Amino acid sequence: ALCVALVVCLVPAGLARSAPADPPRSGPTAASHEPGQKVAVLDIEFVIKSHPRFKAQTIQLQADVRRADQYVAKERDELAGRKQRLKQLPAGSPQYRTEETEIAKSEANLNVRMDLQRKEFAQREAQIYHGVYREIVEEVNAYAAANKIAVVVRVSGGAVNPNRPQEALADINKQIVWSDK
């Protein structure tokens, strides 16, 4: 079983209701407003990056990316050599035009293969994240149910780079402003 660290706290009676004048509720939402409910926070980014299967699959993906980069570098070197040889042919000759056309086709094919390879790598990365995330959610569900935790919310414990706009916006929009985790 995956070890997922949750910070659990009890919600005091005064904070459990949005306003004292709220009418009593029935159904599944009533439990989340009862005094003394357990709430847990989870740093999902930390848990994912610490997950052994995530680490192994990410290392494998990085190795595949390096191999693809090496292949592309080799292909580019071959194309550069062909371009150098092309310069030695008389410009405008039938042989020059034929070789120039072949080089252009090879470059276009290489670019298409690179684009498709990048898409494949991005898809594999997304599948890795999704698979590990689903596994963690299942584990959290089981843990929360077994320990009668009413709500598990996400918290981000990572440092934010203020020079990266997306990180800064994500920090501003996060659900948990402060926790003592």
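Student: Is D64 buried or exposed?
Tutor: This is a predicted model, and in it D64 has a relative accessible area of 16%. The cut-off for buried is under 20%, so D64 counts as buried.

Student: Which residue forms a salt bridge with D64?
Tutor: R67 does, and the closest N and O atoms are 2.1 Å apart. R67 itself is partly exposed, with a relative accessible area of 47%.

Student: Where do R67 and D64 sit relative to each other?
Tutor: They are three residues apart in helix 3, so about one helical turn separates them. There is also a network of salt bridges that links D64, R67 and R124.

Student: How many salt bridges are found in the whole structure?
Tutor: The search finds eight. One of them joins the side chains of E135 and R53, at 2.2 Å from N to O. Because E135 lies in helix 4 and R53 in helix 3, this pair ties together parts that are 82 residues apart in sequence.

Student: And what about E75, which residue does its side chain meet?
Tutor: The side chain of E75 meets that of R113 in a salt bridge, at 3.7 Å from N to O. That pair also links distant parts of the chain, with R113 in helix 4 and E75 in helix 3, 38 residues apart. E75 counts as buried at 18% relative accessibility, whereas R113 is partly exposed at 37%.

Student: Changing topic: which residues make up the largest nonpolar core?
Tutor: That core has 12 residues, including L42, I44, F54, F121 and V140. Helix 2, helix 3 and helix 4 each give two or more residues to this core, and helix 4 gives the most, with five.

Student: Why would such residues gather there?
Tutor: In soluble globular proteins, nonpolar side chains tend to be buried together.

Student: What is the span of helix 4?
Tutor: Helix 4 has 53 residues and reaches 78 Å from its first C-alpha to its last, close to the 78 Å expected. Its buried residues are covered by elements that include strand 2, helix 2, helix 3 and strand 3.

Student: Last one: where is confidence lowest, and where is it highest?
Tutor: Confidence is lowest in helix 1, with a mean pLDDT of 39, and highest in helix 3, at 96. Over residues 10-33 the pLDDT is below 50. Where pLDDT is low, the predicted coordinates should not be read in detail.

Technical notes:
Residues are numbered from 1 along each chain as its sequence is written. This is a predicted model: local features need pLDDT of at least 70, side-chain atom pairs count only at pLDDT 80 or more; totals for chains, interfaces and linings use all residues. Side-chain values use heavy atoms; hydrogens and water are left out. pLDDT is the predictor's confidence in each residue, from 0 to 100. Helices (H or I, at least four residues) and strands (E, at least two) are DSSP runs, numbered from the N terminus. Contact means heavy atoms within 4.5 Å. A nonpolar core is a set of buried Ala, Val, Leu, Ile, Met, Phe, Trp, Tyr and Cys residues joined through side-chain atoms within 4.5 Å. Buried means under 20% relative accessible area, exposed over 50%, partly exposed in between (1.4 Å probe, protein chains only). The expected span of a helix is 1.5 Å times one less than its number of residues. A salt bridge is a side-chain nitrogen of Lys or Arg within 4 Å of a carboxyl oxygen of Asp or Glu.
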